[in-house]
Amino acid sequence: MSSAGPGPARTCDTVVHSEALELKGATIAAIIESGAQALQAAGVAFGHGTTNARDEAAWLVLWRLGLPLDSDVSDAPDSIGNQAVTRDQIQLVATLFDSRIRTRKPAAYLTREAWLQGISFYIDERAIVPRSLIAELLVDGSVDGFLSENTRQVLDLCTGNASLAVLAAMAWPEVAVTGADISPDALAVARINVDRHHLQDRIALKLSDGLAALPGPWDLILCNPPYVNAASMAALPSEYRAEPELALAGGADGMDFVRQLLADAPACMSEDAVIILEIGNERAHFEAAFPQLPVFWLDTSAGGDQVLLITRQALAAHARLTAQ
């Protein structure tokens with residue numbers, strides 16, 4: 001999971017009707033603006049592919065009308081945004097906005113599609129909506145310098161819908177990728193995406209509780225685990241509560257899964273292997289749990305304190321130190 005997002009969404013009975021979306025003489029740009037105002041007024045929470053009401057409104061309108069999501073939606077004369085819409089199209093859009101506000105489900109669950117680093121992925125309620133910051137690092141090559149020329153076996157632990165597994169396979173054509181998760185439901189969604197991107201020969205999917213069924217040795221472990229602490233879980237907006245709790249909740253300090261992972265990992269890693277771990281806004285809890293563990297913090301669009309890299313040597317040395 002990426003950062004836990006904003007505070008609890010306000011309760012609101014707002015329902016979008018076609019009249020609210022400028023039924024007469026409406027354009028796509030006008031509908032997007034009306035939809036953004038409705039989302040804002042309803043107090044819905046964002047963070048599942050968009051960060052604000054206007055971007056989410058544009059996504060919903062373009063998807064509902066079957067238009068490319070990168071369309072120009074300004075009101076410029078030659079833009080799609082200036083295109084007139086029919087009464088029936090407005091009603092279709094109104095129904096979708098109504099569903100978004102009434103159910104508080106993330107938009108990706110309504111469209112059955114999420115985008116990560118420009119790649120389309122199928123998603124539904126069986127898996128968390130993909131938004132990992134690790135995706136940036138795979139695509140821009142930020143972690144390549146930490147990898148060995150012998151890196152061949154890559155594990156995406158807590159794979160969810162397999163988005164990171166797919167991006168890793170695309171980034172490094174010479175590696176074999178395994179996506180693993182404790183949830184059979186999530187793995188069913190992962191299978192859809194592996195097949196969708198024709199990576200059946202490159203990505204294996206396995207059911208495992210942490211590393212229990214994954215002896216390796218792994219040259220690289222990617223992991224976006226459940227890391228939300230209990231206090232944050234209690235305050236999550238409804239959109240995040242629509243996701244599988246198993247993929248979010250990390251115990252009192254958010255570090256339950258991470259503790260077990262870092263204890264088990266050295267025995268499952270090759271000599272020069274590294275772990276790339278996402279912990280969102282939980283750096284303080286991570287450092288409290290592992291005060292003597294040397295790590296590399298990696299820069300992302302959300303800052304330099306949400307994704308970290310740990311070498312096998314550092315983990316092994318830490319294990320010896322704590323055992324004394």
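Modeller: Ala, Val, Leu, Ile, Met, Phe, Trp, Tyr, Cys and Pro count as nonpolar, Asp, Glu, Lys and Arg as charged, and the others, Gly among them, as polar. The structure above is a predicted model.

Colleague: How does the lining of the second largest pocket divide into nonpolar, polar and charged residues?

Modeller: The lining divides into 18 nonpolar, twelve polar and seven charged residues. It comprises 37 residues, and those nearest the centre of the pocket are Cys 158, Asp 181, Pro 226, Leu 246 and Ala 247. Of these, Asp 181 counts as charged, because Asp belongs to that class. The volume of this pocket is about 520 Å³.

Colleague: Which helices and strands each supply at least two residues of that lining?

Modeller: They are strand 3 (153–157), helix 6 (163–171), strand 4 (176–181), helix 7 (184–196) and helix 10 (256–264).

Colleague: Why is helix 1 called oblique to helix 2?

Modeller: Helix 1 (residues 28–42) and helix 2 (residues 53–64) pack at an angle of about 125°, with their axes 8 Å apart. Roughly perpendicular ends at 115 degrees and roughly antiparallel requires over 145, so helix 1 is oblique to helix 2. Their crossing is right-handed. On the side of helix 1, the contact is made by Ile 28, Ile 31, Ile 32, Gly 35, Ala 36, Leu 39 and Gln 40, and on the side of helix 2 by Ala 53, Arg 54, Glu 56, Ala 57, Ala 58 and Val 61. These divide into nine nonpolar, two polar and two charged residues.

Colleague: What makes helix 1 and helix 3 roughly parallel?

Modeller: The axes of helix 1 and helix 3 (residues 87–103) cross at roughly 20° and come within 11 Å. Angles under 35 degrees count as roughly parallel, and helix 1 and helix 3 are therefore given that description. This crossing is right-handed. In the contact, Ile 31, Gly 35, Ala 36, Ala 38, Leu 39 and Ala 42 of helix 1 meet Ile 90, Val 93, Phe 97, Arg 100 and Ile 101 of helix 3. By class there are nine nonpolar, one polar and one charged.

How values were computed. Residues numbered from 1 in each chain as written. Predicted model: local features only at pLDDT ≥ 70, side-chain atom pairs only at ≥ 80, totals over all residues. Heavy atoms only, no water. Axes fitted to C-alpha atoms, helices over the stretch in contact; angles between N-to-C directions. Helix = DSSP H or I, 4+ residues; strand = E, 2+ residues; numbered from the N terminus. Parallel < 35°, antiparallel > 145°, perpendicular 65-115°, else oblique. Left-handed = near helix turned anticlockwise from the far one by under 90°. Contact = heavy atoms within 4.5 Å. 1 Å grid on protein atoms, 1.4 Å probe; cavity = no way out; pocket = protein on both sides within 12 Å on 5 of 7 lines; lining within 4 Å. Points joined across faces, edges and corners; volume = space filled by probe spheres on them.
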